Amino acid sequence: FGKNSICDIYYKIYGDDILYFNLNYEQFLFPFTGKFKLPKTKISKQKQINFCWGNHFKEYLSAGGVIHKNLVVSGRPYSEAILMLRDNSHEIKKNICLKYNLEPKKKIVFVALTDSLAFYSEEKIKKIVAFGGSLDGLLIQQNHDKKTIHKLIQVFKHLEKNPRFLQYQFIFKPHPTVSIKMYNQLFKKNNFSLPKNILLVQDEDPIKILLSSDYLLTNYSTLIVDALTVDKTVICFNHNKNLDYLWWVDFSDDFVNTADELIGSLEKNF
């Protein structure tokens, strides 16, 4: 219900004649966002109905002033939707392979980093802090994310001529807020050209890529939850265990930091 959002505009037109359902909080909540994600308007606190994965979300919103009757613990319907899509995964993979000229018999690795914070400008971070975010926490996580991306580029550079590496096909999809142009600039800065077995894609449904893949390679994306839902192997890259609030990464199948560890993990989890 932020100023000039869709909900805000509709409410100005129709008032209480429409029920508004909020799914925005159906995500893991980072401690460094502080009060940034809390509902702030009277309408969002008193009129909007909020679906919560569990009590953690419910308590968070309740503490933020949302009235109790508007908080519904629903579980995670998104997981059920993904399971329904899985029944059609063969056709989904076929279409993905045709679209991107992939070999259906080769293993596919879906590279999905939580990378938007790494590309945030100083101005963007200041805005988040102004609305209740923690500056120190944001900077710690941003610095870690930047190093993770740089480290992954170095891993790919090291592996690009390795015949073991070339046995796999990689689909690298940035966060929707991060453009391919941003990554191409980063690749150029690191003197790196994508090898033929790594595709950089933008406008593709991540769940369709996940269902088409054999592995998920990520830093801490909540796609981990989706991957586990549909029995995909999860490899976590460059995880800092000191960032213990990223607790869902603990459910990954493997943790890797180097090029050799990555290849070894792919082969081990064949």
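Good morning. I begin with the aromatic residues: Phe119, Phe172, Tyr183, Phe187 and Phe192 are linked into a cluster by ring pairs, where rings of Phe, Tyr and Trp (its six-membered ring) pair if their centres lie within 6.5 Å. Across the whole structure, a search finds 13 aromatic pairs.

Please note that this is a predicted model, in which local features need pLDDT of at least 70 and side-chain atom pairs count only at pLDDT 80 or more, while totals for chains, interfaces and linings use all residues. Residues are numbered from 1 along each chain as its sequence is written, and side-chain values use heavy atoms, with hydrogens and water left out.

I turn now to the nonpolar cores, a core being a set of buried Ala, Val, Leu, Ile, Met, Phe, Trp, Tyr and Cys residues joined through side-chain atoms within 4.5 Å; buried means under 20% relative accessible area (1.4 Å probe, protein chains only). The largest has 33 residues, of which Leu210 and Leu216 touch the most other members. A second, separate core of 29 residues includes Val109, Phe165, Tyr183 and Leu200.

What is leucine 216 in contact with, leaving aside its neighbours within four places in sequence? Its partners, with heavy atoms within 4.5 Å, are Phe110, Ala112, Leu210, Leu223, Ile224, Ala227, Thr233, Val234 and Ile235.

Finally, lysine 124 lies over the face of tyrosine 120, at 5.2 Å from the ring centre; the criterion is NZ of Lys or CZ of Arg within 6 Å of the ring centre and within 35 degrees of the ring normal. Thank you.

Definitions and conventions: Phe/Tyr/Trp six-rings, centres within 6.5 Å; stacked < 30°, edge-to-face > 60°. Buried < 20%, exposed > 50% of the residue type's maximum accessible area, 1.4 Å probe, protein only.
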